[in-house]
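I opened this entry to write down what I looked up in the model, going from the whole chain to single residues.

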Amino acid sequence: MGVAERARTDVRAPEVEWSPAEIGELGEAVSRAPSVHNSRPWSLTLHQRTAVLREDPARRMQHDQEGRDQRISCGAAVMNLVLAVRSLGWSAQVELGASGGLVSAAVNAGEPADPSPREATWAREIPERRSHREPFSGKPVPELLREKIWDAAAGARGGGRWINSDAEAAEVAGMLSRSATAFQADAGYTRELAVWVTPEGTRLRTESEGLDGLAAAGLTAVTTRVPDEPVLARLLREEAVLLVGTRGDRAIDHLRAGQAVERAWLEATGSGLSVSMMTQPLHVPEVRTGLAERLGTSLIPQAIMRFGYPKGF
Ligand SMILES: Cc1cc2nc3c(=O)[nH]c(=O)nc-3n(C[C@H](O)[C@H](O)[C@H](O)COP(=O)(O)O)c2cc1C
């Protein structure tokens, strides 16, 4: 019996509290959201029929002083929360908020309502979604899938922008190289990165963050070499690279960016694609505005997502 069916047979009025099974499902979905350095920088409180997710400033990473990554992570978690409520067979009214620079979202489970086929698919993919940190196979991502991912990322105040041509790839490579140089001198970030990428925190794992991947541009450290711009541009063309952006750049927009990221990620996962994600280059204001200008988009870039097939697919 599906989760939605199970919930409906309970015949509970909306004012009745969440059942233990529902609490388990909501907590599980939220905990599986992608988050910067897997920090899960949120708290989840369940009231009668409302689930409230709040940004937790105590879990802010040193490299993320503005809290952009933290809020994008919260947005991804909100998306999973909404999908969990929907797949439990309830309508979901979502209210996003920001106060004192911290974001929150209240998701109210209203009337019994089936999830749409797309919501049901995305909810099913929540446990399957994961970060890919190896090279892709080189097999191109079909245009139809690109369209589906773009559509998933699109929202009322945000969306995505694919890197579409050699000229665009060269522009983006130039901006990424610039940010890589900026971060190479950032000892605090490098240390944090080292702790993150190796269990013992003593050495960097070069095969993924390192020597020839596109990630090297965003994840540089003293021991990694920034690929030169033509190499980076070639990788940008070979992979399917989506810039996720928002119309504004306030705290609440970062929350929306996270929702867009998670929708695109779940859509891609359901289509057999692997996904890598980075935001660090976009912490540099000139890189954010430079990228938007050079690509001629009114969206403010918030995240870079790379899509491809895993090796052996
Ligand atoms: C805002 C944000 C920024 C991230 N930046 C990076 C990144 O720069 N490099 C990377 O490999 N993963 C990055 N990730 C992915 C997280 O490291 C990943 O979601 C987390 O470790 C949990 O692993 P999972 O995605 O496999 O569940 C980022 C995720 C978020 C939400």
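**Ground rules.** I am working with a predicted model, in which local features need pLDDT of at least 70 and side-chain atom pairs count only at pLDDT 80 or more, while totals for chains, interfaces and linings use all residues. I number residues from 1 along each chain as its sequence is written.

**Whole chain.** I find 12 helices and 8 strands in the chain, where helices (H or I, at least four residues) and strands (E, at least two) are DSSP runs numbered from the N terminus. Of its 313 residues, 44% count as buried; a residue is buried if 20 or more other C-beta atoms, placed from the backbone, lie within 10 Å of its own, exposed if 12 or fewer, and partly exposed in between. I also looked up contacts, meaning residue pairs whose C-beta atoms, placed from the backbone, lie within 7 Å. Of the contacts with a separation of 6 or more, 74% come from residues 24 or more positions apart.

**The sheet.** I followed an open sheet of 4 strands in the order β1-β2-β4-β3, with antiparallel pairing; two strands pair if DSSP finds at least two bridges between them. Its edge strands are β1 (42-46) and β3 (90-99), each of which pairs on one side only. Neighbouring strands are turned by 15° against each other on average, direction ignored. The antiparallel strands β3 and β4 (residues 102-112) are joined by 9 bridges, and I noted Glu95 opposite Ala106 in β4. Helix α2 (residues 20-31) packs on the sheet, where it touches β1 and β2 (50-55), and its direction makes about 165° with that of β1. Helix α3 (residues 68-87) also packs on the sheet, touching β1, β2, β3 and β4, with its direction at about 170° to that of β2. For these angles, axes are lines fitted to C-alpha atoms, for helices over the stretch in contact, and angles run from 0 to 180 degrees between N-to-C directions.

**Helices α4 and α11.** At what angle do the axes of α4 and α11 cross? The axes of α4 (residues 117-125) and α11 (residues 251-270) come within 9 Å and cross at roughly 85°. The two helices are therefore roughly perpendicular to each other, a label for angles of 65 to 115 degrees. In this contact, Thr121, Trp122 and Glu125 of α4 meet Arg263, Leu266, Glu267, Thr269 and Gly270 of α11. I count these residues as 2 nonpolar, 3 polar and 3 charged, with Ala, Val, Leu, Ile, Met, Phe, Trp, Tyr, Cys and Pro as nonpolar, Asp, Glu, Lys and Arg as charged, and the others, Gly among them, as polar.

**Ligand shell.** Among the 19 residues around the ligand, Pro34, Asn38, Arg130, Ser131 and Met278 come nearest; a residue is near if its C-beta atom, placed from the backbone, lies within 6 Å. The shell divides into 7 nonpolar, 9 polar and 3 charged residues, and α3 gives the most to it, with 4 residues.

**Ala251 and Val103.** I found Ala251 in helix α11, buried with 22 other C-beta atoms within 10 Å. Ala251 touches Arg71, Ala98, Gly101 and Val103, not counting residues up to four places away in sequence. Val103 lies in strand β4 and is buried, with 27 other C-beta atoms within 10 Å. The C-alpha atoms of Val103 and Ile252 are separated by 6.4 Å, although these residues are 149 apart along the chain.

Methods: Two residues are in contact if their C-beta atoms, placed from the backbone, lie within 7 Å. Angles under 35 degrees count as roughly parallel, over 145 as roughly antiparallel, 65 to 115 as roughly perpendicular and the rest as oblique.
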